[in-house]
Structure formats: C-alpha cells, structure tokens
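Colleague: I would like to understand the words used for this protein. Could you take me through them one by one?

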Amino acid sequence: MDFIRPRFYDDFLCIADRCTDNCCIGWEIDIDPVSLERFQNVQGEFGECLRSAIHKGEDVCTFAFGEGERCALLREDGLCELVLHEGEDSLCDICALHPRFFGWYNGRREAGLGLCCEEVCRLLFSDSSPLTFVASDISEEWEETCSDELLEYLTAARERIFLRLQDRSRSFGERLYACAVYVRQLQENIDSGEYRLPEMQEAAAQKADILPVVEALCSLWSNAESISAEWDAAAAQLYSRRYQLAESFGRFLADNSGELWRYEHIAVYFCYRYFLNGVFEGEIVSRFGVALMSVLAVMLFDCMYYSDGKLTEWQRILNLKLYSKQMEYSEDNLELAYDAVWDASELSPESIATCFV
Ligand code: SF4
C-alpha cells in the first residue's frame with residue numbers, strides 16, 4: 001500500500017509540557033476497547049488510579065475531566081501520568097495518534113497532522129519552499145472503498161492544482177482564481193461522467209469587493225457550534241472590525257507579499273486533506289471551496305492582528321491553530337462550511353478567489 005504524507009510528518013513530536021495549549025484539556029477522549037481492556041489489567045496503586053480516571057459513558061468510556069476540563073491523568077506540569085508510569089506504548093489509540101489524520105483510498109493511505117496543534121503549525125511554517133509530500137510502501141491490508149477511475153482522475157487533478165497553487169511566477173490571486181475555475185470544470189466533467197482531465201486555463205479575475213465575502217463568512221461562523229470562548233471572542237472582534245478589515249486587506253496583501261508562501265501552504269494543505277474525500281460523493285467544489293475559505297479566514301485574522309507593519313510568527317501560528325480547531329475539529333462545522341460553498345454565492349471558490357486579486 002502507498003503511504004503518503006507531508007514532508008514534515010515524520011519530524012513531528014508532541015512538545016507536551018512546552019505546549020501552551022495542551023490537547024488533553026477541554027476534549028473528551030474516547031478510549032478504544034483494546035486499550036480499555038489493557039487498562040483493566042494494570043496492577044498496583046497506579047492501576048487503581050487509572051481506573052478511577054475512566055468515565056463510563058452509555059456507549060463509550062472516556063477519560064474523566066478534572067478541574068478546568070483537564071484530563072484526570074494530566075499533571076499540573078503538562079505531563080501524562082499514564083506515559084510516566086506505563087510508557088508511550090500504553091496510550092489509547094486517540095492519544096497515540098492525535099493530531100494525525102488519515103484517509104484511505106483503495107490501495108493508498110494519506111496521512112497528515114492536524115493544524116489544531118501549534119507544533120504542527122510551526123512545522124508547516126518552518127520551510128518556505130513549496131510544500132511537498134513523500135510516499136513509501138507499507139504493508140497493510142486494504143479493500144476497495146471508492147471508484148478507481150474517479151480516484152485516479154481526482155489525484156491527477158489535485159496534482160495540477162498543487163502545481164498551479166505553487167506557481168510563484170504568477171500572482172497569488174491569479175493562482176487561486178485559475179484553480180477555482182478549474183475545479184468547477186472538473187465538477188462538470190464528473191457530473192457528466194466524463195473523466196477527461198481539462199487543461200488549466202489562464203483565467204483573468206476581476207478584483208471584487210471583499211466586504212460581502214467577509215460578512216458571509218461571519219454569518220457562517222455565527223451558525224457554527226462554538227469550540228472555545230477564545231474563538232468566539234476573535235470571531236466577534238473580526239465581525240465588529242469588518243469595515244476596517246475590508247479596507248486594509250489590500251494593503252496587508254501588498255505588505256506581506258514576501259509571506260504569501262504561508263497562505264500557499266495553507267491552501268495546499270487543506271486541499272491535500274479534503275479534496276480527495278470528494279471521491280466518495282463525486283463532489284469537489286465544496287472541498288476546494290473550504291480550502292480557499294480557510295486561506296481567507298486565516299489571512300483576515302492575520303490582518304486583524306497586524307499592527308505597525310508587524311505580525312509575529314507566534315501570532316500567525318495562534319491564528320491558524322484557532323481557526324483549525326473551530327472549523328476542522330467539529331464535523332458539524334465542517335459540514336456547514338461545505339454547504340455554504342454551494343448555498344452562499346459570496347462563498348463560492350471563484351468569489352473567494354477574487355478577494356486576493
Ligand atoms: S496540541 Fe500538539 S504539541 Fe500540544 S499537547 Fe497536543 S499534540 Fe502535543
């Protein structure tokens with residue numbers, strides 16, 4: 001089986017007690033049945049302590065919350081009691097795998113690291129050269145889950161999209177717009193059952209007023225499930241400053257021309273994570289739309305915190321992480337965003353792309 005992952009995937013190591021945002025706080029952690037059985041057999045005083053930290057829910061067991069919604073096994077210093085007593089290998093599946101994500105497409109497994117983690121955001125921003133992916137062969141059983149023909153079609157199309165997104169001889173807006181038009185063409189071909197790969201066209205976009213797009217984005221967020229008070233405050237601030245942001249966005253883009261590779265990485269990364277999922281339903285416009293929506297959202301937050309011509313690397317990481325946690329780590333919110341790409345004309349890929357022209 002082919003195993004694909006971003007170039008920095010193998011470098012990832014959780015920074016544990018050095019993380020400002022421990023992912024063992026505020027999230028309910030489901031314990032898989034195999035780990036649960038193992039936990040029942042842990043001996044001694046720690047075994048008792050471990051079992052008392054397990055909450056038995058109706059369908060699934062989770063780690064109980066301590067004060068401040070901290071996992072009951074998380075120490076004050078940010079280290080995990082389970083790892084300290086039983087070693088890394090004792091972790092349940094979710095703790096061992098987070099923040100990794102996987103997609104299975106017939107004989108291919110695509111993996112990545114979620115941007116909800118500040119260390120992953122740091123790694124993403126650690127190299128300005130075009131983001132690449134590595135492949136290796138692994139032995140893993142697989143079964144057919146999707147149409148091979150469509151999978152091949154979308155994989156080849158995604159390659160072309162990556163190439164255009166990373167073509168730095170063109171302006172950023174031009175690249176996004178050409179890809180938006182291309183994805184629409186691909187969708188038409190899929191709908192008519194004609195898997196012919198179109199050429200990427202030279203598409204000239206007109207600069208559009210960004211305010212209606214920002215307002216549509218804020219309206220989408222106001223209907224989303226809230227993941228954190230921090231997000232609520234940042235989104236409310238962005239809404240209240242929308243007129244000012246709409247005015248200063250062009251200047252931010254121009255001032256940050258040397259930093260556009262970061263947004264290119266975000267576009268490629270979201271596209272990598274979501275585009276091929278379209279193989280299951282034969283729908284890709286919303287997948288690509290969410291990638292562009294995410295680039296715009298993160299850039300708006302960056303623009304909001306841009307002050308005196310400066311924005312720290314750390315603030316960029318915080319903005320990306322906050323956005324990812326809110327929109328990617330709630331299935332309902334992600335679905336809402338997919339729907340909005342079709343339902344709100346301001347949030348179509350073409351419309352969002354024109355904001356960057
Ligand atoms: S957010 Fe990332 S670095 Fe922080 S504790 Fe979780 S996995 Fe580790």
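Colleague: How do you know that S1 and strand S6 (residues 108-113) pair, and in which sense, parallel or antiparallel?

Modeller: Two strands are said to pair if DSSP finds at least two bridges between them, and S1 and S6 have 3 bridges in the parallel sense, so they meet that definition. Within this pairing, Asp2 stands opposite Arg108 in S6. Strands here are DSSP runs (E, at least two residues), as helices are (H or I, at least four), numbered from the N terminus. Please keep in mind that this is a predicted model, in which local features need pLDDT of at least 70, side-chain atom pairs count only at pLDDT 80 or more, and totals for chains, interfaces and linings use all residues. Residues are numbered from 1 along each chain as its sequence is written.

Colleague: Why are S2 and strand S3 (54-56) called edge strands?

Modeller: An open sheet of 3 strands has the order S2-S4-S3, with antiparallel pairing, and S2 and S3 each pair on one side only. S2 is joined to strand S4 (residues 61-63) by 2 bridges, and the bridge partner of Asp30 in S4 is Thr62.

Colleague: Why does Glu28 count as partly exposed?

Modeller: A residue is buried if 20 or more other C-beta atoms, placed from the backbone, lie within 10 Å of its own, exposed if 12 or fewer, and partly exposed in between. Glu28 has 14 C-beta neighbours inside 10 Å, and therefore counts as partly exposed. Glu28 is found in the loop between strand S1 (2-6) and strand S2 (30-31).

Colleague: What makes a set of residues a nonpolar core, and how many residues has the largest one here?

Modeller: Such a core is a set of buried Ala, Val, Leu, Ile, Met, Phe, Trp, Tyr and Cys residues joined through C-beta atoms within 7 Å. The largest has 92 residues, and those with the most contacts inside it include Leu217 and Leu296. Helix H13 (residues 285-304) gives the largest share, 15 residues. In soluble globular proteins, nonpolar side chains tend to be buried together.
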